[in-house]
Amino acid sequence: MILEANVGVGIFGKEGRQAVRSCDFAIARFQYLRNLMFVHGHYYYRRIATVVFYFFYKNVTFVGPAICFLFMNGYSPQTIYSELQLIGFNLMFSALPIISYGLFEQHLPPTLLYEKPSLYKESAKTNLLHIKYFVAWMALALWNCFVIFLFDFSLFYDAGGFNSSQRVGGLWCYGTVAYTCVIFVINIMIALKTRYWVWFTHFTIWGT
């Protein structure tokens, strides 16, 4: 039965630990099943849905300005981001905020979820991993990267707008401004999605 189920829950008992060895989650008493399903299961479902869509969102927002820049530089393979920026985006500047969200986010108090199991059923009916939510996230990502590109391009289009010597920072400065805007926008997005704030959430979002 456990092997055929999508998620297997085993209970430690006098009959042995055969079920526990084959399950995904193990609990000591049957009474803990309510808390496992209606509280932690509810949180996990909403967290994983947001985490999956956010990973697509932030990467589309990141590469979007570079793709838009191709139409302005004669389709040259030259990228606007440096190698360090490309490596550091997913490792340093955008990983910790969504990890914090996936670990600590609680859109509703656990006591409310425990007392009202109907909220779990309503959440399952919503189907948070539906294609319409994915399309909405991608539309938002395309809009954000397009606005960032227009903002960045408008700053550097008129070279005389910076100083009297008609000089600007060049491609590196252009890419750094776009990079900074992307980091700012995606962190603001996850901050707007976050409802339960702990010190680690503040540190990861505002610290990056």
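## Pockets in the predicted model

A pocket here is an open set of grid points where a 1.4 Å probe fits, with protein on both sides within 12 Å along at least five of seven lines; lining residues have an atom within 4 Å of a point. The model is predicted.

## The second largest pocket

This pocket has a volume of about 320 Å³. Its lining counts 15 residues. Nearest the centre lie Arg46, Thr50, Tyr101, Leu128 and Lys193. Two or more lining residues come from each of α2, α7 (131–157) and α8. The top contributor is α2, with six residues.

By type, the lining of the second largest pocket holds eight nonpolar, two polar and five charged residues.

## The largest pocket

The largest pocket reaches a volume of about 470 Å³. Its lining is made of 14 residues. Val7, Leu36, Met37, Gly41 and Tyr120 are the ones nearest its centre. Both α2 and α6 (118–126) put at least two residues into this lining. The largest share is that of α2, at eight residues.

Helix α3 spans residues 83–93. Gln85, Gly88 and Phe89 are buried in this helix. They lie on the same side of α3, because the arc they cover around the axis is only 125 degrees. The cover over these buried residues includes α2 (32–70), α4 (95–104) and α8 (171–193).

## The nonpolar core

In soluble globular proteins, nonpolar side chains tend to be buried together. The largest nonpolar core of this model has 29 residues. Those with the most contacts inside this core are Tyr54, Tyr57, Tyr81, Phe89, Trp137, Val182 and Ile186. Four helices, α2, α4, α7 and α8, supply at least two core residues each. The most come from α8, which gives ten.

## Around Val182

Which residues does Val182 contact, leaving aside its neighbours within four places in sequence? They are Thr61, Phe62, Pro65, Tyr81, Phe89 and Ile148.

Definitions and conventions
Residues numbered from 1 in each chain as written. Predicted model: local features only at pLDDT ≥ 70, side-chain atom pairs only at ≥ 80, totals over all residues. Heavy atoms only, no water. Buried < 20%, exposed > 50% of the residue type's maximum accessible area, 1.4 Å probe, protein only. Arc of directions from axis to C-beta. Contact = heavy atoms within 4.5 Å. 1 Å grid on protein atoms, 1.4 Å probe; cavity = no way out; pocket = protein on both sides within 12 Å on 5 of 7 lines; lining within 4 Å. Points joined across faces, edges and corners; volume = space filled by probe spheres on them. Nonpolar A, V, L, I, M, F, W, Y, C, P; charged D, E, K, R; others polar. Core = buried A, V, L, I, M, F, W, Y, C linked by side-chain atoms within 4.5 Å.
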